[in-house]
Amino acid sequence: TDDWSVMVLSAPRVLFVSTNFPSRQDANVGSYNLSQIRGLRELGFTFEVVAPRPWFPLLRSRHSPREAAPVETEEVDGLPVHHPRVLYLPLSRGPANGWLYAWSIRRPLQGLIRARPPHFLWTSFAFPDAVGVGRIARAAGLPHVVSVVGSDLNANLDRPGRLRSIRHALRNARLVLPKSRALGRSLVELGIPPDRLVQTYNGVDRIRFRPRPRREACNRLSISAQPRRILFVGALVPVKNVSVLIEAFDRLLKTTAARRPELVILGDGYLRTRLEREVAARELDAHVRFEGERSHDEVARWMAASDLLCLPSRAEGVPNVILEAFASGRPVVASAVGGIPEIHPGESGGGLVPAGDEGALAEALGDALDRRWDPERLAELVADFTWENNARTLRDRFAEAGLLDPTGPGPD
């Protein structure tokens, strides 16, 4: 039995704050945060969500609202989600956007805290979210929990002012939740006390991502089942190293005599035009498809319609896309960076290569395409990566940290 009297007595209330959360504008962004919340709701937690919209006057970009008059509040999966606008400086590399974040959402957040006092505030992303919310949590006398995913820290290691603000926010948090052991070690090196760290892995949506017949998936996508297919899923930004994948794929084609494979790129980003030009310059147009950003259901179909996933990143935490590929019964060739070696067994799961090594990547891709794989065995690699396990671990750690006081929320 699951002996959890605290949950029955207190029904813990959490105010979750993150710019990475699904909305009617973008159902894909931050979906892992929604899945995590769903798991904890099953254990008796209640949530209210604040998903700020970064904004700068007269500027429309991927950081800005896409609607002329964005909704202030909506319901997502039964959750009330509030969208206050937060002022941001597009070219700032220092800590200013963390301060602007706190200034922008201070009043709406204080109003929600007064109306329905939470047991604690929880932010997902170190900057600017945790930096801004940390200031408000301290002023309100409430505990603060921070999830760190990897890119939020890695992208700021060469920005001293911003890194200092992140360190200050995390040192003042009650708990810090890194998504991998490697990320946890980086946080300790940054000066975060080890006893504040609780490492958890994300789960996998096993309804969407499961072994399925490849030909059936190809038919549903109206694509040929003939070519062997390499899949990339992710943002088209420098850290993902897609240019290295294109170079490795070009090498692979030159050494493959028959049944030349196809490369499918799912995702979007500001490098897309440059990458399309690189493909054209190499005369690879007939073998490389840019399919843009897709819904999770479509990503799952492309997984099933492909022979393997490739993730050639320079840096990562523990990418959900690798867990999803294994759950789909597909091998993965990836860079041996960040937390990837923690969840990837190496050659028996596809292959791990040094980041940026086009030759090693091309060889690993060829080897993985030539092997026969057992989809069910690959799916077993991530059998324990469930949102239920994630939720139970978090629930227990929250209790140990004194965040679930059955008498109700109070000051830190």
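Reader: Which residue does Asp-370 form a salt bridge with?
Author: Asp-370 pairs with Arg-228 in this predicted model. Their closest N and O atoms are 3.2 Å apart.

Reader: Where do those two sit?
Author: Asp-370 lies in helix 14, residues 358-370. Arg-228 is in the loop between helix 8 (214-221) and strand 10 (229-233). The pair therefore ties together parts that are 142 residues apart in sequence.

Reader: Is Asp-370 buried or exposed? And what about Arg-228?
Author: Asp-370 is exposed, at 61% relative accessibility. Arg-228 is buried, at 14%.

Reader: How many salt bridges does a search of the whole structure find?
Author: The search finds 24.

Reader: Give me another one. What does Glu-316 meet?
Author: Glu-316 meets Lys-240, with an N to O distance of 2.6 Å. This pair also links distant parts of the chain, 76 residues apart. Glu-316 is in the loop between strand 13 (308-311) and helix 12 (320-327). Lys-240 is in the loop between strand 10 and helix 9 (242-255).

Reader: Are Glu-316 and Lys-240 buried or exposed?
Author: Both are buried.

Reader: And Lys-254 with Asp-250, where do they lie?
Author: Both lie in helix 9. They are four residues apart, about one turn of the helix. Lys-254 is exposed at 65% relative accessibility, whereas Asp-250 is buried at 8%.

Reader: Which residues do salt bridges with shared partners join into one network?
Author: The network holds Arg-229, Glu-262, Arg-289, Glu-291, Arg-294 and Glu-298.

Reader: New topic. How many disulfides are there?
Author: The count is zero.

Reader: Is Cys-218 buried or exposed? And Cys-310?
Author: Cys-218 is buried, at 0% relative accessibility. Cys-310 is buried too, with a relative accessible area of 0%.

Reader: Let's move to helix 2. How many of its residues are buried?
Author: Eight of its eleven residues, so helix 2 (residues 31-41) is largely enclosed by the rest of the structure.

Reader: Which ones are they?
Author: Tyr-32, Asn-33, Leu-34, Ser-35, Gln-36, Ile-37, Gly-39 and Leu-40 are the buried residues of helix 2.

Reader: Now the whole protein. How many helices and strands?
Author: There are 16 helices and 15 strands. The radius of gyration is 22 Å, close to the 22 Å that the globule rule gives for 412 residues. The protein is therefore as compact as a globular protein of that length.

Reader: What does the C-alpha trace span?
Author: About 70 × 55 × 40 Å along the principal axes.

Reader: What share of the residues is buried?
Author: Buried residues make up 56% of the 412. The accessible surface comes to about 18400 Å². Carbon and sulfur atoms account for 49% of that surface.

Reader: And contacts between residues at least 6 apart in sequence, how many join residues at least 24 apart?
Author: Of those contacts, 71% do.

Conventions
Residues numbered from 1 in each chain as written. Predicted model: local features only at pLDDT ≥ 70, side-chain atom pairs only at ≥ 80, totals over all residues. Heavy atoms only, no water. Buried < 20%, exposed > 50% of the residue type's maximum accessible area, 1.4 Å probe, protein only. Disulfide = S-S within 2.5 Å. Salt bridge = Lys/Arg side-chain N within 4 Å of Asp/Glu carboxyl O. Rg over C-alpha atoms; globule rule 2.2 N^0.38 Å. Contact = heavy atoms within 4.5 Å. Areas by Shrake-Rupley, 256 points an atom, 1.4 Å probe, with all protein chains shown as cover.
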